[in-house]
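Reader: I am new to this one. Can you walk me through it with a few questions?

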Amino acid sequence: MLFAFALLSLGSWLGRLAYAYQDLSDETLKKLPGPGDDFDIKKGSILAPILVPRVSGTEGNAAVRQHFVDFFKTHLPEWTISLHNSTSTTPVSNGKEVPFVNLIATRDPPGTAEGDVSRLALVAHYDSKYTPTGFIGATDSAAPCAMILHVARSIEAALAKKWAATPDDDLDAEHRGVQILLLDGEEAFKSWTDSDSLYGARALAEDWETSFHMASSTYRTPLDSIELFLLLDLLGSKGPKVPSYFKTTHWAYKHMANAEQRLRKLGLIKSSPNHDTKMAKRENKKPRAERPFLTEAAKGDDAFLGGFVQDDHVPFMARGVEILHIIPSPFPQVWHNIEDDGEHLDMDTVEDWTKLVMAFTAEWMELDGFFDAPAKKLTVDAEKSEFEIP
Ligand SMILES: [Zn+2]
């Protein structure tokens, strides 16, 4: 990532005003499932397989991608998976083409046509940095990838239930889906430049710009179909502070900040001094000061000065996609440091982010009242989870 300070002239994108969004009830917020052992850094079925070096073009990178494919095939067969391939030379590849493979998982309402669904995109990069040798990148971005997988698995039953309960003509009117983009080649190999960084994101945004849906479609291209590009990066260290970077999506940031505040009030934020388990042990039940992750809910319109962080959203933003960038400023202390590994994650904070992103996604998809069933427990049979990459 690189800090840039620039004024954007993207033109305002106010075309899509029919945003639906429905707060979850307190009851539902309390029911949102935590990841349990699945985030164990040694043997957890979701996170542990990602906590390995996974530089683009290496075996480690392919193995992590296979883990994602297995996860969807095993637990989320309703999701459509595709791989987006591109190649590029890098400053360290000696003229050789390195493959970059993005994974795209899509869940649209049943019976809807490809070009008629607007999607919330949950995005993180899964490659790890070339240097220092052995770099894991737990916050960058193994943990965000794990968060997204757990969110997908946790909302699937509610999504299916909601769609089954929705009359077909309402579904027609609604057309909202979820898309997961796990991007490759975010990291620079040598030092961050326009050509040495964002390999996967640049190739995907460019290809999607000219991948046209049928002429009768509501949305022209897969880029137009993205209602909000929610990018998670550098999450998992204690005490993050995430500003609101973009004026045009500040409304979405405020929704997420509101969800955070409500989760805190309900004692559901594990890293908070007021989490219900800590409260129960404390004699003085007076709530202590909260330190919110999202610090700029009250930011005024004229306080947006154009500073932002270079990351996977850039090629999408340049093509008019609306971005909500959830990345702390300042970056975590372990950033691009060999210590950014599983042991240095603050697991309470990882779980808190997961719950918050889950709440936001569930509110976006208006899933209140559909979380009645307890979440499926994940049991992966490592032996049998060999799937062909489509
Ligand atoms: Zn990085």
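What follows is a short exchange on a predicted model.

Reader: How many helices and strands does the chain have?
Author: Both kinds of element occur in this predicted chain. The count comes to nine helices and eight strands.

Reader: What share of the residues in the chain is buried?
Author: Buried here means under 20% relative accessible area. The chain has 390 residues. Of these, the buried share is 57%.

Reader: Where does helix α3 bend?
Author: Helix α3 covers residues 138–165, which is 28 residues. Its first and last C-alpha lie 39 Å apart, close to the expected 40 Å. Still, the helix bends by about 35°. The place is I155.

Reader: Why is α3 described as largely enclosed by the rest of the structure?
Author: A residue counts as buried under 20% relative accessible area. α3 has 28 residues, so the buried count tells how far the rest of the structure encloses the helix. That count is 23 of the 28.

Reader: Is strand β3 mostly covered or mostly open, and how many of its residues are buried?
Author: β3 spans residues 98–107. The strand is mostly covered. Of its ten residues, the number buried is nine.

Reader: Which residue in β3 is the bridge partner of H84?
Author: Strand β2, residues 80–88, pairs with β3 in the antiparallel sense. Nine bridges link the two. For H84, the partner in β3 is N102.

Reader: Which residue in β5 stands opposite L103?
Author: β3 also runs antiparallel to β5, residues 176–183. Five bridges join them. Opposite L103 stands L182.

Definitions and conventions:
Residues numbered from 1 in each chain as written. Predicted model: local features only at pLDDT ≥ 70, side-chain atom pairs only at ≥ 80, totals over all residues. Heavy atoms only, no water. Helix = DSSP H or I, 4+ residues; strand = E, 2+ residues; numbered from the N terminus. Expected span 1.5 Å × (residues − 1). Bend = angle between axes of the 7 residues up to and from the residue. Buried < 20%, exposed > 50% of the residue type's maximum accessible area, 1.4 Å probe, protein only. Pairing = 2+ DSSP bridges.
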